[in-house]
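Please look over the sequence and the structure shown below before reading the report.

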4 protein chains.
Amino acid sequence: MSHNSFGHLFRVTTWGESHGPALGCVIDGCPPGIPFDLERVQAALDRRRPGQSRFVTQRQEADQVDVLSGVFEDDRTDGIVTTGAPISLMIRNTDQRSKDYSEIRDRYRPGHADVTYDAKYGVRDYRGGGRSSARETAARVAAGAVAQFVLDQLFGNVAIRAGLVSMGPHDAAARDWAAVDQNPFFCPDPHAAKAWEKALDDARKSGNSLGGIVEAEATGLPAGLGAPVYGKLDQDIASALMSINAAKAVEIGDGMAAGRLSGVENADEMRMKDGKIDYLSNHAGGILGGISTGQPVVARVAIKPTSSILTPRKSVTAQGEETEVVTKGRHDPCVAIRAVPVVEAMMAITLCDHALRHRGQVGTFQV
Amino acid sequence: MSHNSFGHLFRVTTWGESHGPALGCVIDGCPPGIPFDLERVQAALDRRRPGQSRFVTQRQEADQVDVLSGVFEDDRTDGIVTTGAPISLMIRNTDQRSKDYSEIRDRYRPGHADVTYDAKYGVRDYRGGGRSSARETAARVAAGAVAQFVLDQLFGNVAIRAGLVSMGPHDAAARDWAAVDQNPFFCPDPHAAKAWEKALDDARKSGNSLGGIVEAEATGLPAGLGAPVYGKLDQDIASALMSINAAKAVEIGDGMAAGRLSGVENADEMRMKDGKIDYLSNHAGGILGGISTGQPVVARVAIKPTSSILTPRKSVTAQGEETEVVTKGRHDPCVAIRAVPVVEAMMAITLCDHALRHRGQVGTFQV
Amino acid sequence: MSHNSFGHLFRVTTWGESHGPALGCVIDGCPPGIPFDLERVQAALDRRRPGQSRFVTQRQEADQVDVLSGVFEDDRTDGIVTTGAPISLMIRNTDQRSKDYSEIRDRYRPGHADVTYDAKYGVRDYRGGGRSSARETAARVAAGAVAQFVLDQLFGNVAIRAGLVSMGPHDAAARDWAAVDQNPFFCPDPHAAKAWEKALDDARKSGNSLGGIVEAEATGLPAGLGAPVYGKLDQDIASALMSINAAKAVEIGDGMAAGRLSGVENADEMRMKDGKIDYLSNHAGGILGGISTGQPVVARVAIKPTSSILTPRKSVTAQGEETEVVTKGRHDPCVAIRAVPVVEAMMAITLCDHALRHRGQVGTFQV
Amino acid sequence: MSHNSFGHLFRVTTWGESHGPALGCVIDGCPPGIPFDLERVQAALDRRRPGQSRFVTQRQEADQVDVLSGVFEDDRTDGIVTTGAPISLMIRNTDQRSKDYSEIRDRYRPGHADVTYDAKYGVRDYRGGGRSSARETAARVAAGAVAQFVLDQLFGNVAIRAGLVSMGPHDAAARDWAAVDQNPFFCPDPHAAKAWEKALDDARKSGNSLGGIVEAEATGLPAGLGAPVYGKLDQDIASALMSINAAKAVEIGDGMAAGRLSGVENADEMRMKDGKIDYLSNHAGGILGGISTGQPVVARVAIKPTSSILTPRKSVTAQGEETEVVTKGRHDPCVAIRAVPVVEAMMAITLCDHALRHRGQVGTFQV
């Protein structure tokens, strides 16, 4: 069962609410002897951290991570390493303003999970969205950094990169991954990023918000990751990315467009190059029959626009009265921006899980 | 772990290869006392059965299902009912022509899993695609029928309908679910279906194939199904639909288009109607925060064009020699057509699983 | 969830009732390329088969096993090998006599699961115990043979042996594993076995039955199998053996007696021998902290006496009337005898699962 | 997979090492609306807390528990209640003395997991046993208290009681559960407890330790909990109790003795009483066919003597040198004593998990 856990052999369980004392995760199944660099975990969190530009929420959270278990250092280890025991990571919440939410305690914000949590549970920590808040994704980013440590150790040079490739109706034309950290949108197209500033300012000032599409690419993976027929790599990527707050669609390779192609167009032809299979195209996004081909794994996820907006929307209360909702507070005008490091993290976790699963399924071995 | 199983409380494990003696599934977790109608299981299989028009594969399989365990009838039960024990369903293969495949034993068919299965496993039942064949989906359809029995018993009138809403570049304009079984494309638009005949004939005759998009809608579900944050209903639908052979993208509600909307456009406003919440739109596809709202659950899946085509494509052999591949044999010119009943089945299995999961998570009870 | 499945990476799902058309199992997670010898599977089943002496049930079942998926042979493979796909094994029931059970359809046989299945499910295939029948264990034995193939491939010379070491109040004095197949009790003490004939005849003739204790020993395993703290090897052995019909206790190493020892007595001291750790005793039964030491793994399971006896016992009916039950039909006078191959199978499955799990947890690797 | 998690629908994941900054657990699947009494959680921990008599370790830990997520209180809830979100509980370590362990860093203590953790992981937090320390059981006790809250809410008056029924060779004659908290041994026999003082003083002073047997009884449960054939209640109790540090055997009902009985002796006969089934005995320990009968569930677990003793024992070092080990530090002379609240906790967790599982398996329902 997986209410609050993701992955099988590399299993991440997250906990915590937006306005509780802390949030965190427990990583179970991390192999032992993996170099653990807390500064890199912190750096990953810093990328996702709120308050860094006018294009994201102004909530000020240090998002400082503590590691409580699962790592060890003494004079026999080469720095801090994992031990194979569960790794507990915790991030204290520091800038909760619960009073921001008292007004909408009983009013269901359209597009939010308020109404469904009440339908399901009957009780709800409404402060800041409680468990449904995007703050939960901080724990994912921390876990994703650890997954990346494992992938580094296993494969040497796995690179997982993501960027915002469209914001509302505006598309990025380029995929310059080096540009992603050079603009406040995590956009791989520096020119598009420049133009997006005005577009998002306009949306924000008019009490509106914008959706976006995040694209991720993972390179350096071997062929063979994935498990037919219900543990497919693309299936698990779809699950991973759709679990992100506000996600509404996931594409692998050509994605929806693949449904509009012919078989002749869609075939990724093969030739030999340096003794290895060389694919002449990558419509498949690096996955065939649920198993990686060794090409770049390419996925996209659509993030709906922030539901918390200043424009009044019709709604109802928990008591069944009609009302209007205006969501004040500190919100991201385009949550897809800060989804970028989350997408990278979920890709890393999924790929790490499959790398470890792969071991149990193939070949013979000596323990 | 879930190599060949799907679901948690309603858990379906499938087995079997395209050209082995049989295929089937074991359903674990079906509640007891559910009326079991073998004819309806067979009817579901008959819809997916090959050889029923010139637009699908000409392989002739009766797809007759046997139930080997988990059901019981005596004078105290009202017909055949489930007992709570695992339900084993088996379908014999009868029209295997293994020699069709000897030619491509060592040649990797572009777009197929040949190359990745070899990379992963080193050994492969190449006959008809072996385990990666769409024949495996017959077992899904049988299990989906049982899931529907459970949903019927739980909720009374859950309707799960799917149809082919685009074939290659051609879109259906209507969603007349009653029309779906009136044309060879499972298309909910009778006019489109008529026009598609020539399009698919052309593709087939020119040695080509077409992709397609299947849309599914489930109505009659209560609010509250789904489990944040990693057991979200939309997450599990994404996993279910992406596990289908040749699937490349999954959308919930507005899907990819949601990434291009503004928050004002995307909000599903609410009013009261007859004492219940009435949504003024359904951009969300019936799911908020991973939990059903009670609106129709809407999902789409893109199916890539059949990779088995008569047009020669560049490829390589298992021995690393360059070659060309022409895939003869009996293939669907548009696999998306026969994916329609499979999409319905995966939706039923996912919703049934979540209905059972819901019980363990809410309220108090008397055993 | 695990209603009808056991294991994680080597996962066995069984199905079938005593008096249904067939029973079987699906093995998911078996690595590819493992030599598959159907005759050895059949030979394992033949050991468990009923009707082979007057000390077991006289039901005549050929217990012939069919393999329906997951294995393959062509001119490139060295005989039949596994492919990594799920292995479906089926055994037809041939000697059902359902009328034997009509009399006790509504009478709860003391010691049997009749009363609890009714309490749980409300509907029950009462014929021969239905799903609770020991016939289910045939599927375990088949799966255990496959697990042994994997262990052979992984480690070379893992031997898993079991025997009946006490029957009722009578103890075996020796552990001569070679003697186990030389007597009708699977007893490792030939002298005891001789004496047990009269004891069991007496019990049977007086309408009674006897319990027994089965001991298992696995040798040739490496150190390192097992996973703290809730995936301990001894924990999973306890689960495996307690899942066997009529099991009431499981011991590892000294077992219950360990609770009566002092720390000085209980310590398994260590010395070096040929560059390896040499333990001077094995109170621990080869497991410390849930992980194998490399010593023989030793476990015992207590099997209660057959509940189906000819001596009348007080009971009640499903309708709440008081009655007496005499269980006629064909029953084992000591079910612990035929539990011996089942214990071996469950040990093999558990060890195989942990061997595969071990791979995901340790060291670095190249895929 | 379950390296560090236990349970399925009520799933407890523990983390933390003996000498790390903290330890804790995350409980996933706790139903919403359950009254959460932090003082009762603390009270449960206080019973297990070290340093309370001369018969347990002198380590001084406050074992103060913090709740970090999953509960909520406002003016609409009746006190603090669970929300259905994961409950994170944390206990800070305060009295670590890591230097106590420097001497045995490279010496394998006989009976401890030192040697097997090194064999498995190659790296080890040796301080205080690290992850293999019984300090991990504090997290179990906290989770067990929450499980008890759920059982209270579901069934009203479930009582789970455990006591030390033998210490070394000395047996308790009575089962006076009210006496358990009146003596430093958690012994249900006040007279035995008095006599045990000298026995344990003698063992401790002579540099020795004693094993023990803990018996648990759960009353107030309905019939129907448990799931054949691999989710049996007794199977999961066996798994739960064998997962406790130093456990070597688990018995249900008559346990090992059941293997020595005849069928006539072992039958639990039934009569009607007040319209309900009344069992005339309880050899089965309240479980038939893996499902609860409604009688008291009775289990026992054997705990081996503390391996940390002052008597020198032969051992080897990690470098393969022969040595002798004397384990100084602060250790329990009989770890079975403090295992008593841990046994209660594991029983509560297992029963709570099965109570929630039961809901998904039976009857029809309205969500």
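## Basis of the model

This is a predicted model, in which local features need pLDDT of at least 70 and side-chain atom pairs count only at pLDDT 80 or more, whereas totals for chains, interfaces and linings use all residues. Residues are numbered from 1 along each chain as its sequence is written, chains are lettered from A and ligands numbered from 1 in the order in which they are written, and side-chain values use heavy atoms, with hydrogens and water left out.

## Annotated binding site

According to the unreviewed UniProt entry, the annotation "binding site" covers A:R131, A:S132, A:S133, A:N245, A:A246, A:G289, A:K304, A:P305, A:T306, A:S307, A:S308 and A:R330. These positions do not all gather at one spot, because they span 200 residues in sequence and the farthest two C-alpha atoms are 43.8 Å apart. UniProt positions are given in the numbering used here, feature names are shortened, and annotations may be inferred rather than shown by experiment.

## A:P305 and A:T306

In chain A, the loop between β16 (297-303) and β17 (313-316) holds A:P305, and A:T306 lies in the loop between β16 and β17 as well; helices (H or I, at least four residues) and strands (E, at least two) are DSSP runs, numbered from the N terminus. A:P305 counts as buried at 1% relative accessibility, and A:T306 is buried with a relative accessible area of 7%, where buried means under 20% relative accessible area, exposed over 50%, and partly exposed in between (1.4 Å probe, protein chains only).

Leaving aside residues up to four places away in sequence, A:P305 touches A:S209, A:L210 and A:G211, together with B:A258, B:L261, B:S262, B:G263 and B:N266, a contact being heavy atoms within 4.5 Å. With that exclusion, A:T306 touches A:S209, A:L210, A:D332, A:P333, A:C334, A:V335 and B:G263, and the side chain of A:T306 reaches the backbone oxygen of A:D332 at 2.6 Å.

## A:K328

A:K328 is found in the loop between β18 (322-325) and α7 (335-361) of chain A, and this residue is exposed, with a relative accessible area of 54%. Residues up to four places away in sequence not being counted, A:K328 touches A:E103 and A:L310.

## Relation of the two chains

Chain B is superposed on chain A by a rotation of 180 degrees with 0.0 Å of shift along its axis (RMSD 0.0 Å). The two copies are thus related as by a two-fold rotation axis, the superposition being by least squares on the C-alpha atoms of residues with pLDDT of at least 70 in both. Since 100% of the interface residues of chain B are also interface residues in chain A, the copies meet through the same surface.

Note on methods. A polar contact is a pair of N or O atoms within 3.5 Å; within protein, one must be able to donate a hydrogen and the other to accept it, and residues adjacent in sequence count only if both atoms are side-chain atoms.
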